Amino acid sequence: MLEKVLEIPIIGMTCAACVKRVTDLLLKVPGIKQATVNLITEKATLEVEEEKRLDLKAIRKALQKGGYDLGVQRVVFKIEGLSLGDPKKIEKELLKVLGVVEASANQATEELTLDYVPTLVEPEDLKKRLASLGYDQAVVLQGEVELYEEVFRKREEQELKKKFLISAILTGFILLDMVTHVLGHVGKREVFNYVLFGLTTPVLFYGGSRFFKAAAKGLRHLSFDMNTLIALGAGAAYLYSFVATFFPDIFWASGQTPQVYYETAAVIITLILFGRFLEAKAKYKTTEAIKKLASLQPSKARIIKDNMEKEVSIKEVQVGYLVLVKPGERFPVDGEIVEGIGLVDQAVITGESLPVEKRVGDKVIGGTVNLTGSFKVRVTHVGKDTVLAHIIKLVREAQATKPAIQKLADRIASVFVPLVIAIALVTFLVWVGLGYGLTFSLMNAISVLVVACPCALGLATPTAIAVATGKAAEENILIKNPEALEYANRLNYVVFDKTGTLTYGQPMVKKMEVFSGCSEEEAIFFAASAEKNSEHPFGKALVEFARKRGLKVEEPDEFYYLPGKGVVAQLKGKEVLVGNRRFMEEAGLALDEFERFLSEGNIEGISYVLVAVDGRLCSAFWFEDKVKEEALEVLQILKKKGIKVGLLTGDAWQTAKEVAKKLEVDEVWAEVLPQEKALKIEELREKGNIVSMVGDGVNDAPALAKAHLGVAIGSGTEVASATADLILIKNDLRDLLKALRLAEITYKKIKQNFFWAFFYNLILIPVAAGVLYPFSGLLLKPVFASGAMAFSSLFVLINSLSLKKVKL
């Protein structure tokens with residue numbers, strides 16, 4: 001039986017238990033043979049029977065039944081002539097398109113509203129379907145046509161922000177009552193309690209709804225995490241307070257004074273919501289990498305049809321079309337050059353530090369930049385088949401398979417929750433056994449649960465991260481993914497890109513040699529002045545070389561650029577040629593001196609240009625991408641820490657080996673394509689290494705996403721920065737050492753914060769259980785719970801703020 005594989009987005013998953021639950025729900029839908037659910041990407045991959053149509057409405061209904069939802073986007077088309085057509089027929093036809101969930105046509109406004117699954121169909125596909133039905137003038141009027149991950153994560157961030165703000169305002173009023181706890185409860189408590197109940201209820205059941213839902217899902221699978229602890233602590237405090245407010249006689253009957261803990265429940269929910277909001281904000285930013293990559297492809301292309309130029313949408317370009325690309329423009333798609341010669345900057349894809357000469361028959365990659373000359377290109381790959389599309393796919397996959405750290409709070413909760421439940425149960429049984437009655441015993445057991453969840457738990461990580469982020473910014477380091485901090489403490493392998501990371505990424509003059517009686521000053525002057533208006537990196541390097549020598553660079557009287565060869569300039573009545581060997585040979589110059597110099601082994605086979613003045617060879621300049629001054633020092637410090645160092649580059653083996661030799665790296669991989677870079681990182685990971693990748697280019701993006709800790713150099717591309725976990729804003733590798741040091745200290749602070757968050761509450765658990773009652777008649781009082789909440793929160797804040805004083 002034939003099967004097809006489809007991917008759908010899932011909304012509402014929060015933990016590992018959700019993965020199993022969603023998988024079970026999906027497998028109950030007819031036609032689905034297998035379902036693989038990924039918590040990190042929030043997607044499910046389905047194997048569906050080929051001959052059966054996938055019923056998306058049934059999938060959505062099944063997911064909603066379990067408290068989840070299918071990720072759906074909406075698009076509205078304005079369709080001219082819709083008022084004359086049959087709306088029911090249009091709806092029926094579009095519902096046949098795989099991915100369309102709902103269709104609604106409005107004849108009066110001539111609008112068609114479609115709800116669709118973005119991983120299965122795109123607005124452009126829907127537009128084509130409308131054109132096939134005779135509505136070729138359909139225009140997207142309104143729609144969430146951004147990247148679907150961005151849409152869903154933005155929704156989550158906005159929802160959490162709204163819930164947090166509402167909860168924070170209500171909790172602010174509730175906290176005013178804390179003052180009355182300290183002052184000895186002024187006024188009539190019954191009235192206060194009713195007001196507090198009214199303020200706390202929306203905080204708990206609107207603001208905290210996600211925690212209770214997640215806890216319920218987890219309990220079905222006997223899985224305990226932060227959600228269970230939050231639901232337990234806040235729920236117990238609310239339940240206890242509810243009984244004390246509306247049924248106070250139960251307490252009086254057992255000899256207890258009814259007490260309320262509304263502020264404990266509200267503060268727990270509000271502070272944890274704050275932490276979740278910050279997490280959602282960081283998660284939303286992870287879609288930036290895909291956005292930046294997608295932006296490298298031009299949205300328009302200039303096609304040549306019937307000897308006429310026409311600008312069209314990139315989505316209309318097909319294999320076999322002829323595309324014109326002018327100087328300074330990006331190639332819109334992959335193709336083969338059929339006309340033209342010039343230089344192409346491929347660094348964005350391949351990582352090569354120098355531009356590459358392209359001529360008829362050569363392949364070009366979409367997203368790379370045409371530096372010089374015009375090209376006519378025959379399209380060979382479009383859409384999802386282009387190299388850039390493959391890189392985007394690799395980054396998506398790398399982000400999906402990035403090892404998830406089990407959060408410290410979840411690890412604590414998985415042990416703490418069963419322990420607290422056990423203590424509460426023992427408390428109940430002991431008091432019943434001692435003959436104190438059911439009510440007294442139950443209230444003491446609930447008191448244990450009330451103090452179990454520390455309010456400062458929600459501050460433990462966010463405050464440390466917030467202070468560390470500020471401290472890092474002062475040191476020109478940007479922490480983007482707090483979860484990667486744990487890996488920074490355990491790193492044992494750091495892999496560096498070469499171009500722009502260990503080197504400056506720009507060619508510089510390494511050596512020069514003069515011939516035919518030319519002086520050095522004369523050779524530099526003619527070479528730099530001839531290249532003054534050139535956009536070629538070698539030309540810019542020559543101008544910079546002259547300026548560093550203090551030589552004046554003059555404007556040439558005439559300047560001609562010959563693509564793939566060099567430049568011709570008229571300067572002070574002399575003809576100056578600067579270019580490659582073939583250019584000089586075609587000009588009929590004698591190169592005997594140059595040949596003799598090379599045969600003596602004076603220079604390695606690296607890039608060079610020759611300079612001729614009035615028909616005689618004057619000089620030769622060799623170029624290199626110079627290694628950064630601090631690179632060796634940084635790599636040696638890493639090695640002293642027991643961290644192995646590797647070099648991973650798309651550049652040539654010879655260049656890579658030279659850099660590796662200078663920097664004494666442990667392993668070298670050269671001439672590596674972007675997809676191969678990610679594979680190399682994965683190989684190192686599979687060997688048990690905790691790997692960091694340091695890079696600056698688009699070609700590094702999949703590897704940065706795949707590494708445990710991705711570090712981008714600030715001078716690099718926006719794509720690299722968007723994919724990385726840490727960004728070194730300055731172009732200084734020494735900041736990597738500072739970043740690792742700060743990450744190590746921050747993680748220690750987070751662990752200390754959790755200790756202080758729990759410390760005061762742990763002290764109060766015996767009091768809540770009634771250990772002091774036989775001796776002093778003392779049971780848990782709201783003043784104790786409020787005090788613990790205030791002190792633990794204060795300690796966490798002070799401890800986090802101490803990060804500001806750390807010297808890196």
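Buried means under 20% relative accessible area, exposed over 50% and partly exposed in between, with a 1.4 Å probe and protein chains only. The views below come from a predicted model, where local features need pLDDT of at least 70, side-chain atom pairs count only at pLDDT 80 or more, and totals for chains, interfaces and linings use all residues. Residues are numbered from 1 along each chain as its sequence is written, and side-chain values use heavy atoms, with hydrogens and water left out.

**View A. Tyr436 meets Tyr773.** Searching the whole structure gives 29 aromatic pairs (rings of Phe, Tyr and Trp, the latter by its six-membered ring, with centres within 6.5 Å; planes under 30 degrees apart are stacked, over 60 edge-to-face, the rest tilted). Here the ring centres of Tyr436 and Tyr773 lie 6.0 Å apart with planes at 75 degrees, so this pair is edge-to-face. Tyr436 sits in the loop between helix H14 (408-433) and helix H15 (438-450), and Tyr773 in helix H29 (residues 773-776), so the contact ties together parts 337 residues apart in sequence. Helices (H or I, at least four residues) and strands (E, at least two) are DSSP runs, numbered from the N terminus. Tyr436 is partly exposed at 36% relative accessibility, and Tyr773 is partly exposed at 24%.

**View B. Tyr608 and Trp622.** With centres 6.1 Å apart and planes at 45 degrees, the rings of Tyr608 and Trp622 form a tilted pair. Tyr608 belongs to strand S24 (residues 608-613) and Trp622 to strand S25 (residues 616-627). Trp622 is buried at 0% relative accessibility, while Tyr608 is partly exposed at 24%.

**View C. A ring cluster.** Ring pairs join Tyr194, Phe197, Phe205, Phe212, Tyr238, Phe242, Phe246, Phe247 and Tyr262 into a cluster.
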